[in-house]
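Work through the exercises below with the sequence and the model side by side, and try each task before you read its solution.

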Amino acid sequence: MIEESGVVVSIEGHYARVRIERRTVCGGCAANGACGTSLIERFFGRGSIQVEALNQAQASVGERVMLGISEQGLLSASFAVYFVPLAGLLGGALAGEALAGIAEGGFADAAALLGAVLGFALALLWLRGYSARSRTRPEQQAVVYRVERGVPVGIPTAP
């Protein structure tokens with residue numbers, strides 16, 4: 001199980017909306033802020049994100065909690081998000097080029113581009129449906145599984 005801690009900001013039925021502070025990756029390697037990742041972090045900032053999670057621990061607003069998601073669920077969702085649009089893009093380009101070759105004309109590149117755009121759009125539509133379906137699949141949901149008692153919330157740490 002992959003874990004992350006956060007603070008509950010609202011409760012909506014059986015779900016809790018949890019704010020998670022993004023962690024920095026700098027300081028953990030020899031480059032210490034002189035890499036592309038640190039540049040991206042400085043550009044976009046370290047803000048927080050909010051995650052909707054099944055509230056199995058019955059946490060209340062303001063409590064610090066531990067979230068978890070199964071490795072298998074995260075792996076399958078990552079595969080869908082990264083591979084399917086790429087496959088749609090490439091498959092559409094190949095299909096467009098093949099159809100242009102059958103039609104006897106000099107517009108194979110334009111047909112490949114049009115096919116790539118169409119394939120990518122279809123992949124994104126499929127991904128939208130996949131996302132809606134995965135909301136009801138327990139292995140792909142984040143779960144609030146523990147309330148961390150005695151952990152102060154909102155107290156700044158020393159630099």
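**Exercise 1: Strand pairing**

Task: find how many bridges join strand β1 to strand β2, and in which sense the two run.

Solution: Strand β1 covers residues 2–12 and strand β2 covers residues 15–21; 5 bridges join them, and they run antiparallel. Here strands are DSSP runs of E with at least two residues, and helices are runs of H or I with at least four, numbered from the N terminus; two strands pair if DSSP finds at least two bridges between them. Within this pairing, A16 in β2 is the bridge partner of I11.

The model is predicted, so local features need pLDDT of at least 70 and side-chain atom pairs count only at pLDDT 80 or more, while totals for chains, interfaces and linings use all residues. Residues are numbered from 1 along each chain as its sequence is written, and side-chain values use heavy atoms, with hydrogens and water left out.

**Exercise 2: Closing the barrel**

Task: follow β1 to strand β4 and onward, and state the order in which the strands close into a barrel.

Solution: Begin with β1 and β4 (residues 64–69), which pair in the antiparallel sense over 6 bridges, with I2 standing opposite I69 of β4. Next, β4 pairs with strand β5 (residues 143–147), again antiparallel, over 4 bridges, and R146 in β5 is the bridge partner of M66. Taken together, 5 strands close into a barrel in the order β1-β2-β3-β5-β4, with mixed pairing.

**Exercise 3: A helix and its neighbour**

Task: name the helix against which the buried residues of α2 pack.

Solution: Buried means under 20% relative accessible area, exposed over 50%, and partly exposed in between (1.4 Å probe, protein chains only). In α2 (residues 71–102), the buried residues include G73, A80 and V84, and the buried residues of this helix pack against α3 (108–134), where contact means heavy atoms within 4.5 Å.

Conventions
Expected span 1.5 Å × (residues − 1).
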